Amino acid sequence: MSMSHLYGRREEEEEGVEVESFEVTDWDLANEFNPERRRHRQTKEQATYGIWAEKDSDEDERPSFGGKKTKDYTIPVNFVSGGLRKTAEEEEQEEKGDGGSDDSDDGPSAPLPPRSTAPKKLQMGNFRSNLSQRFAGGIQSGKGIGNWEKHTKGIGQKLLQKMGYQPGKGLGKNAQGIINPIEAKVRKGKGAVGAYGNERTQQSLQDFPVVDSEEEDEKEFRKELGQWRKDPAGPGVKKKPKYSYRTVDELKAKGKLTGRSTATSAGELAQVKVIDMTGREQKVYYSYSHMSNKHSVPDEAPPSMSAQDQKGSGFALPELEHNLQLLIDLTEQDILQSTRRLQHERDVVVSLSHESRALQVRLDAERDAIQRMEAVLALVERFPSGETAPGERPSLQECARIFESLQTDYYEEYKTMGLADLAVGVVNPLLKEKLCSWDPLKDNTYCLEDIGQWRAILESRDLHSSAPDPNMDPYHRLLWEVWIPVMRSCVSRWQPRMVAAMVDCVDVWAHFLPPWILDHLLEQLILPRLQREVDNWNPLTDTVPIHSWIHPWLPLLRSRLEPLYPPIRSKLSNALQRWHPSDASARLILQPWKDVFTPGAWEAFMVKNIIPKLALCLEELVINPHQQLMEPFHWVMDWEGMLSPSSLVSLLDKNFFTKWLQVLCSWLSNSPNYEEITKWYLGWKSSFSEALLAQPLIKEKFNEALDIMNRAVSSGMGGYMQPGARENIAYLTQTERRKDFQYEAMQERRDAESVAHRGVGTGVPTNFKDLIQTKAEENNIVFMPLVAKRHEGKQLYTFGRIVIYIDRGVVFVQGEKTWVPTSLQSLIDMAK
């Protein structure tokens with residue numbers, strides 16, 4: 001390339017024409033002086049294997065921006081040669097080269113064509129062929145070992161040293177090195193591994209002298225396979241023919257023809273000409289089946305001329321052999337077809353025998369079913385029909401025995417055909433005829449055994465029917481159509497005040513009645529009668545108390561009686577408008593209803609009708625210590641069990657204790673006799689029950705009276721003071737408070753024991769402090785210790801707004817001047 005040409009190209013660039021520059025670059029210079037240099041980034045495979053790494057066909061080309069090209073897998077693999085057969089020209093060249101040159105492998109090889117004169121693919125192919133020749137057998141032992149390291153920067157040496165290699169010594173556990181190189185086995189053709197027999201080399205047999213049974217079988221097969229062309233006795237000896245015999249049993253066991261099949265395949269019929277060019281030589285087949293069997297027999301060398309002459313000189317009749325073979329094949333085919341036909345006939349016989357047995361079993365079952373149906377029909381015909389005379393009909397007991405026989409002996413037919421429905425037409429008329437003259441109020445057990453017997457026979461245990469239904473259980477239908485009409489007529493004649501007979505009758509029959517029939521009897525028949533009777537009841541004129549004929553129904557009717565209670569309360573309330581507490585009959589009438597009415601309804605009734613009368617009675621009570629009338633007070637206290645504790649305490653607080661404390665203060669201000677005051681105090685307190693005295697408000701009122709007496713004794717009210725009065729009042733106060741404290745402590749202990757007994761193992765309180773904590777949680781009261789606050793070494797606690805401490809199971813509350821012991825209930829009341 002001349003300089004003027006380059007300058008000319010540059011001038012065209014300056015004129016604005018875009019052209020490619022062909023000037024010589026540094027890469028071209030480096031490539032000319034060092035063709036073997038690395039032209040791109042070294043891959044991991046090249047770094048590991050060096051010159052043995054696989055190379056692409058475009059390695060010598062100039063790098064471009066097109067990216068890495070795909071690998072060409074059509075080129076031969078450059079491993080060590082596995083023994084491919086060389087062509088005749090290559091063998092002749094090698095013989096000439098061996099004979100004409102004694103140069104070692106270290107010397108320079110034949111000069112390669114220059115880069116510019118040979119295609120790159122050809123250059124790479126020559127390089128790979130030379131390389132394969134060098135490593136297949138061209139390298140001589142002991143010469144040029146390790147020269148390849150100059151191409152890999154010593155990576156092979158480094159890898160060997162990492163595996164324990166030491167220079168000057170061999171490899172192996174004992175540095176013994178390799179004895180012989182791996183010997184290659186030349187294969188005859190290009191078939192798969194094992195297609196040409198055993199491929200073990202002599203070296204392998206020496207190193208691993210193991211006799212393989214498969215190898216022996218392969219030898220025997222090869223030996224027998226070659227018998228047709230081998231003549232161990234020589235060509236002049238007359239051959240003795242060998243015959244192969246097969247029995248009919250062997251042919252049946254094998255099940256197919258070993259020779260040529262009589263059924264021609266589709267490929268053979270088509271006679272397609274197939275040209276096989278997969279081998280070294282072109283072969284022509286006339287069907288695909290011949291092509292598929294091309295590797296069944298290994299390629300054999302062509303027989304020698306003497307063998308061909310010998311074969312041609314023999315007596316050969318191929319047409320006769322073919323006809324004989326065809327006859328043999330046809331005979332074998334007939335034998336196999338006969339065998340298959342015989343087996344088919346045997347299978348048909350077995351199948352027919354199984355079918356015959358199944359039909360026989362079915363026939364026996366049908367015959368048995370017919371016999372059972374005839375027996376069932378005979379039993380059913382014994383039932384009375386519409387044409388049967390009344391005297392000839394069987395009794396209930398006989399019908400029951402027939403049904404029991406049907407259930408026990410013919411249960412399947414009884415359930416399948418629904419024979420229980422026969423009872424509607426058979427048993428119902430008989431039972432209705434028997435119950436037509438029955439009075440349930442006089443003899444409530446009449447026909448009870450018969451109904452129980454039919455219940456065991458007919459009831460299907462389906463007790464969920466809630467209404468009359470034509471498809472209901474036969475037993476339910478029997479009761480609904482026969483028993484209920486009798487009871488309906490009986491209830492219509494019944495007087496509700498004669499309660500005992502009807503209650504006993506219903507109680508006796510309740511065990512035999514389904515729930516829905518019992519509900520119908522109580523709700524639709526009996527309850528309306530009771531409602532009409534309650535509407536006609538007058539508590540002022542009737543001498544019989546209403547509870548005497550209502551309460552016996554409580555176990556049977558229970559909550560169904562709720563509609564009767566409002567009219568009863570209304571009539572009682574009207575009757576109590578002119579009542580006075582001195583009349584004890586009201587308490588006798590109302591007491592049976594206390595546990596029947598709900599607590600809310602009962603409390604509202606008492607507040608409306610009884611408490612105002614008692615409050616008026618207490619207001620009229622005159623408290624006179626010298627002449628006291630206690631009857632009005634006793635009239636009020638007789639209602640203690642009828643009124644709730646809170647209502648009675650509130651009544652006493654508003655209408656009694658106010659006047660009582662005023663009388664006490666007035667008496668103490670007029671020079672009293674303290675012994676009489678003490679007796680008067682104890683007498684009034686004894687008029688209260690223990691339950692009332694345990695109430696905090698009642699207790700507080702009596703303690704207030706004690707405080708008034710103590711203040712009167714301490715201040716000297718009234719002038720003159722009896723000797724020992726102060727001591728007596730102080731003793732009385734101390735005694736009363738000690739009793740209260742002991743009672744409360746005992747009550748709390750009882751409560752704690754009951755709680756512990758109910759909640760064993762459920763986190764019950766283990767000490768008095770835990771009990772207080774539990775009570776505080778139940779009443780939503782804050783209970784917690786005061787930080788750094790103690791009294792006589794005892795921890796102080798806040799219980800709501802009260803400060804307390806606990807000492808040996810006793811709670812002490814901070815009073816005005818000292819700590820006062822109190823009960824847990826009083827503590828809760830004060831905290832609230």
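**Stop 1: the hairpins**

Strands β4 and β5 make a hairpin with two residues between them, and Gly-800 in the turn has a positive phi of about 70 degrees. Keep in mind throughout that this is a predicted model. Strand β4 covers residues 794-799, runs antiparallel to β5, and is joined to it by four bridges.

Now extend the selection to β6, residues 810-814. β5 and β6 also run antiparallel, again with four bridges between them. Ile-806 has Val-811 of β6 as its bridge partner. The hairpin of β5 and β6 has two residues between the strands, and Arg-808 there takes a positive phi near 50 degrees.

How many of the six residues of strand β5 are buried? Five are, so β5 (residues 802-807) is largely enclosed by the rest of the structure.

**Stop 2: helix α17 and its cover**

Move to α17, residues 448-458. Colour its buried residues: Leu-448, Asp-450, Ile-451, Gly-452, Trp-454, Ile-457 and Leu-458. Then show what lies over them. The cover includes α14 (396-409), α15, α16 (422-435), α18 and α19 (499-509).

**Stop 3: salt bridges**

The whole structure holds nine salt bridges. Visit three of them, then a network.

Begin with Arg-372 and Glu-413. Their side chains meet in a salt bridge, 2.9 Å from N to O. This pair links distant parts of the chain: Arg-372 sits in helix α13 (residues 318-380), Glu-413 in helix α15 (residues 411-416), and 41 residues separate them. Arg-372 is partly exposed, at 23% relative accessible area. Glu-413 counts as buried, at 10%.

Next, select Arg-477 and Glu-481. This salt bridge spans 2.8 Å, N to O. Both residues belong to helix α18 (residues 474-493); they are four residues apart, which means a separation of about one helical turn. Residues three or four places apart in an α-helix point the same way, because the helix has 3.6 residues a turn. Arg-477 is partly exposed at 25%, and Glu-481 is partly exposed at 30%.

Third, go to Asp-653 and Lys-701. Their closest N and O atoms are 3.4 Å apart, and they form a salt bridge. Asp-653 lies in helix α28 (residues 645-655) and Lys-701 in helix α32 (residues 696-715), so the pair ties together parts 48 residues apart in sequence. Lys-701 counts as buried at 17%.

Finish here with Arg-497, Glu-533 and Asp-542. Salt bridges with shared partners join these residues into one network.

**Stop 4: aromatic rings**

Show the Phe, Tyr and Trp side chains. The count comes to 33 aromatic pairs. Take Trp-593 and Phe-597: the ring centres are 5.2 Å apart and the planes meet at 20 degrees, so the pair is stacked. Trp-593 and Phe-597 are both buried.

Jump to Phe-633 and Phe-656. This aromatic pair is tilted, with 5.2 Å centre to centre and 40 degrees between the planes. Phe-633 is in helix α27 (residues 631-637) and Phe-656 in the loop between α28 and α29 (657-668), so the pair ties together parts 23 residues apart in sequence. Phe-633 is buried at 0% relative accessible area, and Phe-656 is buried at 1%.

Now widen the view. Ring pairs link Phe-633 and Phe-656 into a cluster whose other members include Phe-657, Trp-660, Trp-667, Tyr-681 and Phe-702.

**Stop 5: charges over rings**

Stay on Phe-702. The charged end of Lys-685 sits over its ring, 5.9 Å from the centre. Go back to Phe-597. Arg-569 lies over its face, 4.8 Å from the ring centre.

**Stop 6: two loop residues**

Select Lys-594, in the loop between α24 (585-590) and α25 (599-609). At 30% relative accessibility, Lys-594 counts as partly exposed. Leaving out residues up to four places away in sequence, Lys-594 touches Trp-602, Gly-641 and Met-642. Lys-594 and Gly-641 are 47 residues apart in sequence, yet 9.6 Å apart in space, C-alpha to C-alpha.

Last, pick Thr-201, in the loop between α6 (155-162) and α7 (202-207). Thr-201 counts as buried, at 11%. Which residues does Thr-201 touch, not counting residues up to four places away in sequence? Thr-201 touches Glu-183, Ala-184 and Lys-185.

How values were computed
Residues are numbered from 1 along each chain as its sequence is written. This is a predicted model: local features need pLDDT of at least 70, side-chain atom pairs count only at pLDDT 80 or more; totals for chains, interfaces and linings use all residues. Side-chain values use heavy atoms; hydrogens and water are left out. A salt bridge is a side-chain nitrogen of Lys or Arg within 4 Å of a carboxyl oxygen of Asp or Glu. Buried means under 20% relative accessible area, exposed over 50%, partly exposed in between (1.4 Å probe, protein chains only). Contact means heavy atoms within 4.5 Å. Two strands pair if DSSP finds at least two bridges between them. Rings of Phe, Tyr and Trp (its six-membered ring) pair if their centres lie within 6.5 Å; planes under 30 degrees apart count as stacked, over 60 as edge-to-face and the rest as tilted. A charge sits over a ring if NZ of Lys or CZ of Arg is within 6 Å of the ring centre and within 35 degrees of the ring normal.
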